[in-house]
Amino acid sequence: MAVRPIRVFGDPVLKSVCAPIGEIDEGVRALVRDLVDTVELPGRAGVAANQIGVGLRAFSYNIDGDIGYVLNPVLVEVSGEPTAIGEGCLSVPGLWHDAVRYPYAKVVGLDLDGNEVILEGEGLLAQALQHETDHLDGKLYLERLTPEERRVAMREIRESDWF
């Protein structure tokens, strides 16, 4: 169990589509422990496996003190009027921009015992479900910004001390 370092913008693992998890073995169990340990830090709503350098479909979440994980998550439903909402990302540290998200989202996946997990909700949970499944599909929230907002974000990235 460990808090793993977060990969940042520019790392190719963040642009790669994550592979589905097949057998739930000790390696997958260790990944889940690391994902949960990593998301428990203050200010973190979610961590996708590729953000810690693992190209498998899994993420952890920490929404209002409710901490959990899901394996092989699939975003099966979104609804409501998409709106721009303030969003940040651990892989793009220090930036905060309005990304277009649906107000409701539903994800279906598995737990470590192979049982179906359904996560659904509105507000921050809906935003996190969309954000984390995007990560697993090789997309950063920057792709959800308007073209003008994206130009501003890219300038901020180039001027950041971590890039």
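**Entry 1. The E6–E7 pair**

I looked up strand E6 and found that E6 and strand E7 (residues 116–122) run antiparallel and are joined by seven bridges. I take helices (H or I, at least four residues) and strands (E, at least two) as DSSP runs numbered from the N terminus, and I call two strands paired if DSSP finds at least two bridges between them.

The model is a predicted one, in which local features need pLDDT of at least 70 and side-chain atom pairs count only at pLDDT 80 or more, whereas totals for chains, interfaces and linings use all residues. Residues are numbered from 1 along each chain as its sequence is written, and side-chain values use heavy atoms, with hydrogens and water left out.

I noted that Tyr104 stands opposite Glu122 in E7. E6 and E7 form a hairpin with five residues between them. In that turn, Gly114 has a positive phi of about 85°.

Strand E6 (residues 104–110) is mostly covered, with five of its seven residues buried.

**Entry 2. The E3 side of E6**

I followed E6 to its pairing with E3: the two run antiparallel and six bridges join them. Ser79 has Tyr104 in E6 as its bridge partner, and Val74 has Val108 in E6.

Asn72 has a positive phi of about 50° although it is not a glycine. With a relative accessible area of 18%, Asn72 is buried.

**Entry 3. The E2–E3 hairpin**

I found E2 and E3 paired in the antiparallel sense over six bridges. Ser60 stands opposite Tyr69 in E3. The two strands form a hairpin with two residues between them.

**Entry 4. Helix H1**

The 14 residues of H1 should span 20 Å, and the end C-alpha atoms are 20 Å apart, which agrees.

At the start of H1, I found a side-chain oxygen of Asp25 within 3.1 Å of the backbone nitrogen of Gly27. The buried residues of H1 are Val28, Leu31, Val32, Asp34, Leu35, Val36, Asp37, Thr38 and Val39. I asked what covers these residues, and the answer includes strand E1 (46–48), strand E2 (58–63) and strand E3 (66–79).

**Entry 5. Helix H2**

I repeated the length check on helix H2 (residues 124–136): its 13 residues should span 18 Å, and its end C-alpha atoms are 18 Å apart, in agreement. Of these 13 residues, 12 are buried, so H2 is largely enclosed by the rest of the structure. The buried residues include Leu125, Gln127, Gln130, His131, Glu132, Asp134 and His135. After H2 comes Gly138, whose phi is positive, near 80°.

**Entry 6. Asn50**

I located Asn50 in the loop between E1 and E2. Asn50 is buried, with a relative accessible area of 0%. Its side chain reaches the backbone oxygen of Val13 at 3.5 Å.

I listed the residues that Asn50 touches (contact means heavy atoms within 4.5 Å), not counting residues up to four places away in sequence: Arg7, Val13, Leu14, Ser16, Cys18, His135 and Leu136. His135 and Leu136 are also among the buried residues of H2.

**Entry 7. The largest pocket**

I searched for pockets on a 1 Å grid over the protein atoms alone, a pocket being an open set of points where a 1.4 Å probe fits, with protein on both sides within 12 Å along at least five of seven lines, and lining residues having an atom within 4 Å of a point. Grid points are joined across faces, edges and corners, and a volume is the space filled by probe spheres set on the points.

The largest pocket has a volume of about 320 Å³. Of the 20 residues that line this pocket, the closest to its centre are Ala45, Glu87, Gly88, Cys89 and Trp96. Strand E4 (83–87) and H2 are the elements that give two or more residues to the lining. Which element gives the most to the lining? I recorded H2, with five residues.

How values were computed. The expected span of a helix is 1.5 Å times one less than its number of residues. Buried means under 20% relative accessible area, exposed over 50%, partly exposed in between (1.4 Å probe, protein chains only). A polar contact is a pair of N or O atoms within 3.5 Å; within protein, one must be able to donate a hydrogen and the other to accept it, and residues adjacent in sequence count only if both atoms are side-chain atoms.
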